[in-house]
Amino acid sequence: MISAQNPQLQLSGNKYWLILCIGLLFSACSPKTRPNTDKKPDTPTKEKEVEKPVERFSEANISLLIPFRLNEIKLKTATKAEVEKSAMAIDFYQGFKLGIDSAASLGLNFKVNVYDTRDNNTQLEGLINNGGLLSSNLIIGPVFPQGVKYITAYSIAKNIPVVSPLAASHPEEFSNPNLISIVNNIDLHAEKIGNYITKNYNPDNTVIVLINPKTASDEIMAAPLRQYFHYNKKVYLMQEYPSVFSFETKMAKNKQYVVIVTSSDRKFVVPTLDRLVKVKNKGFNVNLFGHPDWVKQNYNIDRLQALNTSITSSYKVDYQNGETITFIKKYRTKFNFEPGEYSFKGFDIGFYFGKLFAEHGANYLKYLTKERYKGLHNSFTFYHNEKLGYINTSLMLLRYKNFALNVIE
C-alpha cells in the first residue's frame, strides 16, 4: 500500500487534464513545518545495543523532487507547448508510481512525498528550511545538476541518500558520499569503448583515430579516451585529427582503422559520416565508434551501418520483452496514454529502490552494490566510492545492423 501526504492524482490520457490535476495537488503542497529532530540521543553502550529489540521497518519514506514547473503554466489557458515543458516530469512521475506500486506488492508500505522543484533552488531552500525532507529514507532528485549540487550539503549533514536520476554529470562535480548516480558519466562510456577495442582488435595492425574538433564539449569524451589508451597494457598506435579530411591522406590499406568521433554536434557529424563512407568505399578498413548522444540523434542509418558503427548506451527498451509488454499495458490502462522514455526510467528507479526497501528495510544501502538489476530501460550495477557515493557502471554497446540498434555487449 502507498500512503501519501496529499490526495492521490486522478490521471487521464489527456496531458492538459493531467497538468490541471497535478496543479490542484502541488500548488498547495508547501513543506510542512516539523518539530526539531536534529538533536541526537545519547549514544547507547554496546550492551544496550545488543539488548535493544530491532524496530520493525514497516514504511519507507521517499521524497521525489521533480520540476513540474507549475508556476509557469496558467491552468485554464495552457497551450500544448507550455504543457510539454512539464511532460518529462509527468512521464517520470507516472512511471515511478507504477514502479513503487509493483514494489509495494512485496508487502511494504511506501509514503511518497512529491514536490515540484520548478527547477529552482529557492524551492529546494524552502523544503530544507521547513524540514520537509527530514523524515526521508531516500530523496530522488533533483533531476538537473544545479539542483543536485544545491542539495549536497543537506544530504551530507543529515546523512540522507540522494538519487541523481537523470543527470549525466560526473560525481566529482558534487563530492557527495551519499549520492547515488544512475546515469553513466562519460568516463565510463570511454572505458566501455576502450575495453571492447582492447578485447577485439589486434594492436599490431590497428590504428585508433580520434576525430576531435576540440571544442570544450568534444574534449569531455576525448580526454578519458586518451587516458585509457595511455595506460592500456596493449599498446596501440593512436592518432588524433580535427576532421576526417585531415587524416584520410595518411591512411594505409593494410591497416585496421578504429575511428572514434568525440562530437555530438550534428553540423559536424553529418559531413563526417559522409566522408568516412567515401573513405571506406575506396577500400580502407574502417570501423566507427560514435558519441553516446547519437542514440537520441537522427543520422542516416545506411551510412551508420556501412561503417559498422557502435555506440555505448546505459539504456535500451526491448519492446519484444514480456515484462516490457506488461508494463506498457498497465501504463495504458492506468493513464490512457503511451509511456515515453522517462516513464520507463521512472519505473526502473521506483521498482529497484522500492524492492530494496521491501527486502532489506532501513539497511537497503548495504545491498546496493550487491544486487544487480536488469530493468525495462536501464540496468544497475553499483560500486561505492567513499567520496563520490554509489555509481552505476552498467553500460551496453549497441551496433547498427538490419536498420536497428542491437546489443552486442
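At what angle do H8 and helix H9 pack, and how far apart are their axes? Before I answer, a word on the basis of this presentation. This is a predicted model, in which local features need pLDDT of at least 70 and side-chain atom pairs count only at pLDDT 80 or more, while totals for chains, interfaces and linings use all residues. Residues are numbered from 1 along each chain as its sequence is written, and side-chain values use heavy atoms, with hydrogens and water left out.

To the helix pair, then. H8 and H9, the latter spanning residues 216-231, pack at an angle of about 45 degrees, with their axes 9 Å apart. The axes are lines fitted to C-alpha atoms, for helices over the stretch in contact, and angles run from 0 to 180 degrees between N-to-C directions. H8 is therefore oblique to H9; angles under 35 degrees count as roughly parallel, over 145 as roughly antiparallel, 65 to 115 as roughly perpendicular, and the rest as oblique. Helices here are DSSP runs of H or I with at least four residues, and strands are E runs of at least two, numbered from the N terminus.

Contact means heavy atoms within 4.5 Å. On the H8 side, the residues that meet H9 include Ile186, Ala190, Ile193 and Ile197. Among their counterparts in H9 are Ile220, Leu225 and Phe229.

Let us turn to lysine 192, which is placed in H8, residues 186-200. Lysine 192 counts as buried because its relative accessibility is 16%; buried means under 20% relative accessible area, exposed over 50%, and partly exposed in between, with a 1.4 Å probe and protein chains only. Leaving aside residues up to four places away in sequence, lysine 192 touches Thr312, Leu395, Met396, Leu397 and Glu409.

Asparagine 184 sits in the loop between strand E6 (179-181) and H8. With a relative accessible area of 2%, asparagine 184 is buried. Its side chain reaches the backbone oxygen of asparagine 392 at 2.7 Å, and a polar atom of that side chain lies 3.4 Å from the backbone oxygen of serine 394. Beyond four places in sequence, the residues touched by asparagine 184 include Ala168, His189 and Ser314.

Finally, consider lysine 149 in helix H6, residues 145-150. Lysine 149 counts as partly exposed, at 47% relative accessibility. Lysine 149 and phenylalanine 174 are 25 residues apart in sequence and 5.6 Å apart in space, C-alpha to C-alpha. Residues up to four places away in sequence not being counted, lysine 149 touches Glu173 and Phe174.

Definitions and conventions
A polar contact is a pair of N or O atoms within 3.5 Å; within protein, one must be able to donate a hydrogen and the other to accept it, and residues adjacent in sequence count only if both atoms are side-chain atoms.
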